[in-house]
Amino acid sequence: MVRFAAHRLGILVLSLVGASVLVFGALTLLPGSPAQVILGTQATPQSVHHLTVQLGLDKPLWQQYFDWLHGMVTGALGTSYVSQLPIGTQIWQALQVTGPLVLLGLVIGLVIAIPLGLFGALLQGRATGAVLGAIGQVGLAVPTFVGGTLLIIVFAVEFHVLPASGFPEWSHPGSALKSLLLPAISLGVVEGGIISRYLRTSVLDLLQSDYLRTARMKGLSMGQALRRHGLRNAMLPLVTVGGLELAGLIVGAIVVENVFTLPGIGTLLLTSVNNRDLLVAQDIVMFVSGTVLVLNLLVDLSYRLLDPRLAGRS
Amino acid sequence: MSAQAEPAGASGPAAAVAGTAGSAGPEVVGGPAVGTRRRVRSFSLVAGGLIVALIIVTALVALIWTPYPALAVDPAGRLAGSSGAHLLGTDQYGRDVLSRLMSGARITLYTGFISVLVATAVGIPAGLVAALYGGVVGQAVLRLTDILYGFPALLAAIALSAALGASTTTAMIAIGVAYIPVFVRVTRANALGVLASEYVMAARAYGRRPWAIVRRHVLPNIATTIVVQMCLLFSLAILAEAALDYLGLGTRPPAPSWGSMLQQAQGYLHSDPALSLWPGLAVFVVVLGFSLLGDGLAELFDVRARR
Amino acid sequence: MAALSVRDLSVRAQGLELVRDVSFEVHSGERVALIGESGSGKSLTAMAIVGLLGRGLSASGEARLGDEDLLGVSERRRCQLRGDRIALIFQDPMTALDPTMRIGRQVGEALRQHRGLSRRQAAEAAVKLLARVEIPDPARYAHSYPHQLSGGLRQRVMMAIAISCDPDVILADEPTTALDVTVQRRVLELLDRLVREEGSALLLITHDLAVVSEMCDRVVTMYGGRVVESGSVESMLTAPQHPYTDALLAASSAVSIDGASGEPLPAIAGSVPAAGQFPPGCPYRDRCPRASQQCTTMPPLEAVGDRTVACWHPVGREEPAAGITTEGTLK
């Protein structure tokens, strides 16, 4: 297990380094000087030169890279050229929207997925089971931005029960949650669809499994056998999927925030891309990829811990 | 006996569990559960196939004919509801929505195709190399795959668009690259299975060269799995591409891509919700179609591979 | 007195009758072998008796355990009897154990269920049971997970589970088929000893006639979901009357046991049809060298002494009637 963890940690570091080189390279290797790109074609040579020095772009490439890495690690991300705000603060504020949104989305996804997958499998062969399976299939094909738009049409435009866009401060927790509800649902529907498919498959495998039959042979009722043997075994794939889908949710949030104009990470990323605020874009891309890669690592590790068959191997 | 597919997107552990859990039951040949599954299978296959066929036909028709030119602006007929002249109405510039949707099908298929092409053109050979050569080369391929694996496609595409500027090509290539690891893994895992089989051992004993074995034995045997995976990737690529267009980072207006149509219609959500509905529905149907087709094929070929 | 008495047991799926009117008895302390090729309905019969048929399969008839009909009692009562008074050892030990649970807990589970033992008592009992099935270092293996055990050891664990509550009847469904040839013998010897110690009745489903002759008292032959012959081991194996039993014997004595699967090599003409594909009348007539026009109607199961046989032209009693033509043998 320790060897495996070390091995996976090594891969994580390599992945992070790889991602940082790519992200850094994307900015640096742009045609023309970055300062020129940021300021646009109308800028005077003086202001371009001024910005180049201010951004440290006159230093050698490797030094720029390590300065940037150093900033990422210590949190000293510098100041956005466009908004003149500290980048760290901007990201932190955006996280306060995106974080809860993603968690709420995951909860909604699980609330949708668990009954769909479980009963879809248990009732397999009957009409209800087929319908539940079909709902999962349909759910995962609804793009978040389409689902979000539909939800706005129904709940905001037609019935005026929930806000279509915007986000108040967390100092008003009630209305803040209300603003997150529709976006979280549109995220949750897709993830719920995906997770329900995995769950359904693993429950079907479980129902056909010999060890469940052995448990029944010992005299356990179906309910007891499912609780004592089924749950543990069905949990394993669910952990993997849940973790991977959490990563999917983070990326999905980028799109959904745009639909509902929520001031989260995704909106910040898009605004900075559109404003050519490349420093911010670079930091966010790096931050999100880092989060996703770390999540993948945690999933792999927890899986090893949970599955005795894998625990001993490296 | 178990046609139920195992999510292929999941990494090794999940596959390992399902692999051991599926087992020989009692000596029943044809239980009713099998029959039901067969019915479901044919439903996925038929429904998915029909939808995909419909999209392809629509895209082909749009090449030579649409009710109106997709880009023809008509200031007088802005935001008209559906009528005999404009079946699905017109948008904020008076462009015919149906015509734009039809042209959009072409863009959608094109982007999906390029993404899949990129992913397979790199992923399959790399997977074969990893399966054939255990040494430094194989290890290097695997490690690279590990590093790329799990990197979100959409994020890669956004980053690339930010760097190179928004364009359809950038988006498609970024999405394709992000899915290379999936193909490396699927190809390698299945190729290893074939390489371990007795007839390949025999062919090796006869002194057949590795790549001849790949051509004669491995490729034909893993083809079905690859096709299934391609269908699923197609749906994912379309989804990602539409999201990028929606965010304004992919195909740019005025080109009638569904994502950007939806984005533009959003401004008229209160007055004209139907304008948002059509492109949204189109994306949904196509994604559903390809994922159904993939599922149907997976069950038909008895392939354990789902998203 | 019969420990297990099966009467007119039938198993249906989607209108197909996979097992039809199977009747036999297993007395206390008696060992009965159920033989026949794959697809003859042996495993289904066992599953139907314990009420663990797969989805979509339904059983009718009677399976009396003592004075209770397992098919007639409530599911609740069946759960109480299962694992306590009747136990089943499955064919494939590689998949029959829960991969995520330690061996000791799995072995003690039936005791906790039926005897209300505490977790600790069950754990102690499990170690003793593991010792009884001759697992070396039982305390250590009680803390292992199934994947850490070989197939032979896992099958011993299954046996420990089966005997944990001293059942009256043990059903063993080809318990050694999935094992290496080298360990098959020792696992069977263990089963033999355990059943003797427990005084349980044993229904052994097997392909291996050598095992039958060593371990069992009586034999029941099944084909096409029906019992075609039954009798004592000596009389059945020395003088089979049903042509199918005869063919099975010939196949196994011809040094043709395939070690890997334990199945007789195809020394019997033709192959077992798929479920529902058996011909009307005697199910064996398509493959039978003695078949005649008469065989298109099902022969009744006739009892002669301790023997029963369902055949119009039994081996060794009289020569087949003159009316048989060669075209009647094989389609």
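The expected span of a helix is taken here as 1.5 Å times one less than its number of residues, and helices (H or I, at least four residues) and strands (E, at least two) are DSSP runs, numbered from the N terminus. This is a predicted model, in which local features need pLDDT of at least 70 and side-chain atom pairs count only at pLDDT 80 or more, while totals for chains, interfaces and linings use all residues. Residues are numbered from 1 along each chain as its sequence is written, and chains are lettered from A and ligands numbered from 1 in the order in which they are written.

**Chain A, helix 10**

Select residues 222–259 of chain A, which form helix 10; a straight helix of 38 residues would span 56 Å at 1.5 Å a residue, whereas this one spans only 45 Å between its end C-alpha atoms. Centre the view on G230(A), where helix 10 of chain A has a kink of about 50°, the bend being the angle between axes fitted to the seven residues ending at a residue and the seven starting there. Of the 38 residues of helix 10 of chain A, 29 are buried, so the helix is largely enclosed by the rest of the structure; buried means that 20 or more other C-beta atoms, placed from the backbone, lie within 10 Å of the residue's own. Just after this helix, select T261(A), which takes a positive phi of about 40°.

**Where chain C touches chain A**

Next, show the contact, which takes 27 residues from chain C and 18 residues from chain A, two residues being in contact if their C-beta atoms, placed from the backbone, lie within 7 Å. On the side of chain C that touches chain A, helix 2 (75–81), strand 6 (86–89), helix 3 (93–96) and helix 4 (103–115) of chain C each supply at least two residues, and helix 4 of chain C gives the most, with four residues.

**The two sheets of chain C**

Now select strand 1 (residues 2–13) of chain C, which is joined to strand 2 of chain C by eight bridges and runs antiparallel to it; two strands pair if DSSP finds at least two bridges between them. V11(C) stands opposite V19(C) in strand 2 of chain C. These strands belong to an open, antiparallel sheet of four strands in the order 2-1-4-5, whose edge strands are strand 2 (16–27) and strand 5 (68–69) of chain C.

Finally, turn to the open sheet of eight strands in chain C, ordered 6-7-8-3-9-10-12-11 with mixed pairing. Its edge strands are strand 6 and strand 11 (302–304) of chain C. Within this sheet, S230(C) stands opposite T308(C) in strand 12 of chain C.

Note on methods. Buried ≥ 20, exposed ≤ 12 C-beta atoms within 10 Å, placed from the backbone.
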